[in-house]
Amino acid sequence: MRHFSEEDLIAYQLHESADERAVAKHLESCSECADLSESIAETLRVFSADPVPLPNLEHNWHRLRGNLSVLTPERRGSFELLRWKWAWPSVGLATAALVLLTVFGMRLHRGGELNHNVAVNGHGPLTTEPTDLAIANHLDAAERLLTEVNNSPGSLDDTTREQAHNLLLKNAIYASNARDSGDLAQAAVLENFGRVLTTLDNEPPTPHSTWRLRLEMNTSGLLLDIRILRQNDDHSQGAAQ
Amino acid sequence: MSNRRMEKAETEAIRDVLAGNRDAYRVLMDRHFCSVTRVAFRITGNEADAEEAAQEAFLRAYNKLPSFRQDSAFSTWIMRIAMNTAINLVERRNRDLSYHAPRITDEPAAAEHTVRIADRQAGPEGILLNREATSLRQAAMAELTPMERTAFTLRHMEDIPMAEIAAALSITSNSAKQAVFRAVSKLRRSLTPVAGGLR
Ligand SMILES: [Zn+2]
């Protein structure tokens with residue numbers, strides 16, 4: 001008699017078997033395979049679904065909502081951006097900033113790289129404090145906020161300003177942590193971002209103030225800084241193992 | 001994969017979001033956040049990371065919404081993004097903790113929950129239904145590779161089709177199946193010393 005393998009019987013129990021009927025028929029007459037099959041079924045019962053904690057929807061929605069930028073048909077294509085007259089100086093600034101940053105930013109960051117990884121740095125296991133993810137999320141939020149600042153044709157809406165307000169305190173902490181751990185490049189970028197946040201938090205919302213913010217604080221350049229930081233961050237995490 | 005038509009409410013919500021109404025996204029979140037978090041929990045093995053992954057997945061989906069083709073269901077799409085995000089998160093954790101115990105193994109929150117599934121018949125299952133058993137089960141799960149664990153939990157606990165698991169893991173359906181089979185085989189062996197009677 002040809003018996004079925006453990007794998008065949010696992011497939012059978014998971015309803016992934018190619019010929020379920022043949023297996024079932026064999027199990028009726030072969031106690032050896034039936035025992036094995038039952039042992040597999042038992043394993044599946046023992047390792048059946050544990051209850052999963054339910055997330056708090058309200059809390060999660062508020063958290064998510066703070067990170068959502070307004071999607072508009074104009075924002076979908078990058079060429080559409082060129083329609084707005086403010087876009088032209090931004091493109092110039094952005095290009096200049098990109099050149100500067102690839103030269104200086106990355107070099108600066110190299111200097112702090114050894115101190116950067118929290119695991120290397122001895123700040124304790126990430127099991128209790130997912131610091132890298134927190135800073136990565138913060139950089140994401142910063143990126144989204146700056147995109148909003150750079151792309152809003154008029155004054156910024158209340159949600160964006162509220163978001164800026166919320167980011168302010170966290171940003172100060174991350175900036176100071178970066179400085180403490182010797183990551184001067186990250187600290188500098190976060191401090192610049194902090195100035196943008198402070199301005200947003202204090203100034204009355206007018207189209208003029210948004211425009212001035214872009215020019216005076218070079219928010220396009222800052223956005224690039226943050227994107228580069230983000231990349232370096234991912235890169236150094238990859239290299240740290 | 002299911003190609004069923006998207007429900008009207010979801011289609012409308014997506015249209016509203018794309019027209020600039022961020023709050024319309026809540027409709028999609030209310031419908032799918034729990035199932036997404038659930039799957040993320042199976043993959044990450046802890047509540048905090050599951051929520052982190054679900055948040056990230058919903059944010060990614062939001063930002064990709066302009067390019068979302070509405071001929072597939074939003075639920076399928078968000079689930080795939082979530083599985084990817086959760087798997088990436090686990091890999092990132094394992095990388096960061098390369099000299100700590102792998103995070104995927106420690107499930108402090110799960111210990112409280114698993115004790116309560118103790119209402120089945122006696123026998124090996126009954127034996128496994130106390131606190132030590134919970135940690136034995138966790139130890140057994142910890143012996144699985146992240147891929148085995150993910151494939152097994154999604155297939156067996158969440159009943160997700162093999163093809164979808166394979167797509168999320170970027171492997172072939174056959175490899176996903178093999179990962180599940182290896183997982184079950186390892187878990188069965190882990191029960192043997194406890195249950196005594198198992199072959
Ligand atoms: Zn047989």
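**Ground rules.** I number residues from 1 along each chain as its sequence is written, with chains lettered from A and ligands numbered from 1 in the order written. Since this is a predicted model, local features need pLDDT of at least 70 and side-chain atom pairs count only at pLDDT 80 or more, while totals for chains, interfaces and linings use all residues; side-chain values use heavy atoms, with hydrogens and water left out.

**Confidence.** I looked up the scores and found ipTM 0.74 and pTM 0.53. Chain B averages a pLDDT of 79, and 76% of the residues score at least 70 (pLDDT is the predictor's confidence in each residue, from 0 to 100). I flagged residues 99-122 of chain B, where the pLDDT is below 50; beyond near neighbours in sequence, that stretch has 50 contacts in the model (contact means heavy atoms within 4.5 Å). I flagged residues 195-199 of chain B too, with pLDDT below 50 and 11 contacts beyond near neighbours in sequence.

His3(A) sits in the segment before α1 (6-13) of chain A and Cys33(A) in helix α3 (residues 31-46) of chain A, 30 residues apart. Helices are DSSP runs (H or I, at least four residues), numbered from the N terminus.

Is Cys33(A) buried or exposed? Cys33(A) counts as buried at 3% relative accessibility, whereas His3(A) is partly exposed at 34%. Buried means under 20% relative accessible area, exposed over 50%, partly exposed in between (1.4 Å probe, protein chains only).

**Gln55(B).** I found Gln55(B) in helix α3 (residues 47-64) of chain B, buried at 5% relative accessibility. Not counting residues up to four places away in sequence, Gln55(B) touches Asn60(A), Arg63(A), Leu64(A) and Phe33(B).

**Core.** The largest nonpolar core has 76 residues, and Tyr25(B), Phe58(B), Leu65(B), Phe74(B) and Phe152(B) have the most contacts inside it. A core is a set of buried Ala, Val, Leu, Ile, Met, Phe, Trp, Tyr and Cys residues joined through side-chain atoms within 4.5 Å. Helix α4 (residues 74-96) of chain B gives this core its largest share, 11 residues.

Note on methods
Helix = DSSP H or I, 4+ residues; strand = E, 2+ residues; numbered from the N terminus.
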